[in-house]
Amino acid sequence: MYLEMSSPAPCTRSWSISEDSLRRYVYFASESCIQELLSASDTTRVGNSSDGWKVLTLDNGVEISKRRSGSLHTFRSRWLLRSVSPEQFITVANAIDAAKQWDSDLVEAKYIKDLEDNLSIIRLRFGESSKPLFRNREFIVYERRETMDDGTLVVAVASLPKEIAAGLHPKQNNAIRALLLQSGWVVEKLEDDSCMVTYVIQLDPAGWLPKCFVNRLNTKLVMIIENLRKQVQACPINGDV
């Protein structure tokens with residue numbers, strides 16, 4: 001079954017599906033997302049112009065790159081966190097109740113449904129005062145968390161098809177339901193308990209926005225990275241995490 005996920009048209013239909021069917025769909029859909037994230041984080045391909053990534057900024061150890069994906073752009077940030085383990089970083093980055101501390105545009109983040117220990121459905125809402133790219137937008141996304149054989153942690157995040165999302169959580173009248181396409185984190189374990197973090201985001205904001213607003217996402221990424229770095233470094237190291 002093919003599900004169209006790129007149309008910004010308002011959703012007038014909703015699908016009610018069983019939890020088992022939802023779980024199977026998310027596992028299937030998230031496989032390609034995980035592979036895309038691992039490819040984007042592959043250090044042997046970083047800087048290789050043939051893979052389509054264009055470096056926008058490289059400052060203070062943080063690289064922001066962009067790659068065209070159809071009519072949209074995918075943004076990637078990479079940075080090294082010294083003396084921070086992958087588990088410590090993910091504990092902070094995945095603390096949904098604290099997400100507003102590192103993303104000031106976020107108004108509300110809540111779990112709609114836990115399908116497995118490593119698989120959840122989440123609603124993200126941005127309000128009137130958010131930046132134009134996110135203003136009055138909401139996202140219904142899956143989040144899948146996996147640990148690879150080499151200890152690399154991957155968190156795959158993407159919107160559910162609009163009909164499934166509408167069946168799980170009806171859209172609020174004043175909100176625009178946007179789409180987060182294949183996005184997420186890859187956190188690679190390095191020596192001396194440090195880690196290399198790759199964050200990938202591809203956004204269809206739904207509704208018309210000037211191109212400069214969409215491309216300004218790289219500025220938001222820099223802000224998120226700096227806020228996350230502060231949060232992680234302030235988090236006490238717990239060997240039992």
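Trainee: So helices are DSSP runs of H or I with at least four residues, strands are DSSP runs of E with at least two, and both are numbered from the N terminus. What does the secondary structure of the protein come to?
Mentor: Six helices and eleven strands. Keep in mind that this is a predicted model, where local features need pLDDT of at least 70, side-chain atom pairs count only at pLDDT 80 or more, and totals for chains, interfaces and linings use all residues. Residues are numbered from 1 along each chain as its sequence is written, and side-chain values use heavy atoms, with hydrogens and water left out.

Trainee: OK, what's the mean pLDDT?
Mentor: pLDDT is the predictor's confidence in each residue, from 0 to 100. The mean for the protein is 79, with 76% of the residues at 70 or more.

Trainee: And where does pLDDT stay under 50?
Mentor: Over residues 1–11. For that stretch the model has 21 contacts (heavy atoms within 4.5 Å) beyond four places in sequence.

Trainee: Which residues sit on each side of β7?
Mentor: L153, V155, V157 and S159 are on one side, V154, A156 and A158 on the other, and every one of them is buried.

Trainee: How many bridges join β6 to β7?
Mentor: Seven, and the two strands run antiparallel. Two strands pair if DSSP finds at least two bridges between them. As an example, V141 has S159 in β7 as its bridge partner.

Trainee: What about the hairpin of β6 and β7, which residue takes a positive phi there?
Mentor: G151, with phi near 90°, and the hairpin has five residues between the strands.

Trainee: How many bridges join β7 to β10?
Mentor: Five, again with the strands antiparallel.

Trainee: Switching topic: is helix α2 enclosed or open?
Mentor: Helix α2 (residues 86–93) is largely enclosed by the rest of the structure, because six of its eight residues are buried. Those are P86, Q88, F89, I90, V92 and A93.

Trainee: Which residues touch the most other members in the largest nonpolar core?
Mentor: W79, L81, F89, F139, W185, V197 and L228, out of 36 residues. Another core, of 22 residues, lies apart from that one, with Y25, L115, Y142 and A156 among them. A nonpolar core is a set of buried Ala, Val, Leu, Ile, Met, Phe, Trp, Tyr and Cys residues joined through side-chain atoms within 4.5 Å.

Trainee: And what is V197 in contact with?
Mentor: Leaving aside neighbours within four places in sequence, V197 is in contact with S77, R78, W79, L81, F89, W185, V186 and V187.

Trainee: Why does I176 count as partly exposed?
Mentor: Because its relative accessibility is 33%. I176 lies in strand β8 (residues 176–177), and its C-alpha atom is separated by 9.6 Å from that of F126, 50 residues apart along the chain.

Conventions
Buried means under 20% relative accessible area, exposed over 50%, partly exposed in between (1.4 Å probe, protein chains only).
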